[in-house]
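Thanks for coming. I will go through one structure today, site by site, and give the cut-offs as the terms come up. Please have the model open.

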Amino acid sequence: MRCPACGHDDSKVVDSRDSADAIRRRRECLQCGERFTTFERLEERPLWILKKHGEKEPFLREKVASGIQLACRKRPYGPEELEAVVDRVVRRLEDRKEPVISSSAVGETVMDVLREFDEVAYVRFASVYGAFASVDQFLATIGPLRERS
Ligand SMILES: [Zn+2]
């Protein structure tokens, strides 16, 4: 999404609303701070999620957002900070330039971003998501965090 004021092509989403056939997004240019609105039609949504049993569904930002909100419950962050975390996840998924992404890759991306953002939220998300393939992997992940605290 190019900024109409300066042409910079990186913006963050400050508000997002679904209507029947389009998503209305309020964006803010990361270079000049200009705010502008985009309408993205549902059928042009670039990302599809491939689920475990082979079904595809459109990628929904709201799902990632609710997972992150859950993981960050009672952590000291406001809605804007959490939106920025969601943005980071979405941007990394878009940067893969793949039209179809597996649901486990989405989970891993959320974990990577949360790990950098907040360790408590990261551990919560990882355990809720059931993404640990084995107990060993779980302990290897949790162990080093415990020693530090
Ligand atoms: Zn701009």
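Cys29 has a relative accessibility of 3%, so it counts as buried; buried means under 20% relative accessible area, exposed over 50%, and partly exposed in between, with a 1.4 Å probe and protein chains only. Cys32, at 43%, counts as partly exposed. This is a predicted model, in which local features need pLDDT of at least 70 and side-chain atom pairs count only at pLDDT 80 or more, while totals for chains, interfaces and linings use all residues. Residues are numbered from 1 along each chain as its sequence is written, and side-chain values use heavy atoms, with hydrogens and water left out.

The ideal angle for four tetrahedral donors is 109.5 degrees.

Next, the sheet. Three strands form an open sheet with mixed pairing, in the order S5-S4-S6. Strands are DSSP runs of E with at least two residues, helices are runs of H or I with at least four, and both are numbered from the N terminus. Strands S5 (56-58) and S6 (100-102) stand at the edges with a single partner strand each, so one side of each has no neighbour in the sheet. Strand S4 (residues 48-50) runs antiparallel to S5, joined by three bridges; two strands pair if DSSP finds at least two bridges between them. Ile49 stands opposite Glu57 in S5.

Now the helices. Arg61 lies in helix H1 (residues 61-71). Is Arg61 buried or exposed? At 5% relative accessibility, it counts as buried. Its side chain makes a polar contact of 3.0 Å with that of Asp87. A polar contact is a pair of N or O atoms within 3.5 Å; within protein, one must be able to donate a hydrogen and the other to accept it, and residues adjacent in sequence count only if both atoms are side-chain atoms.

Finally, Ala105 is in helix H3 (residues 103-117) and, at 7% relative accessibility, counts as buried.
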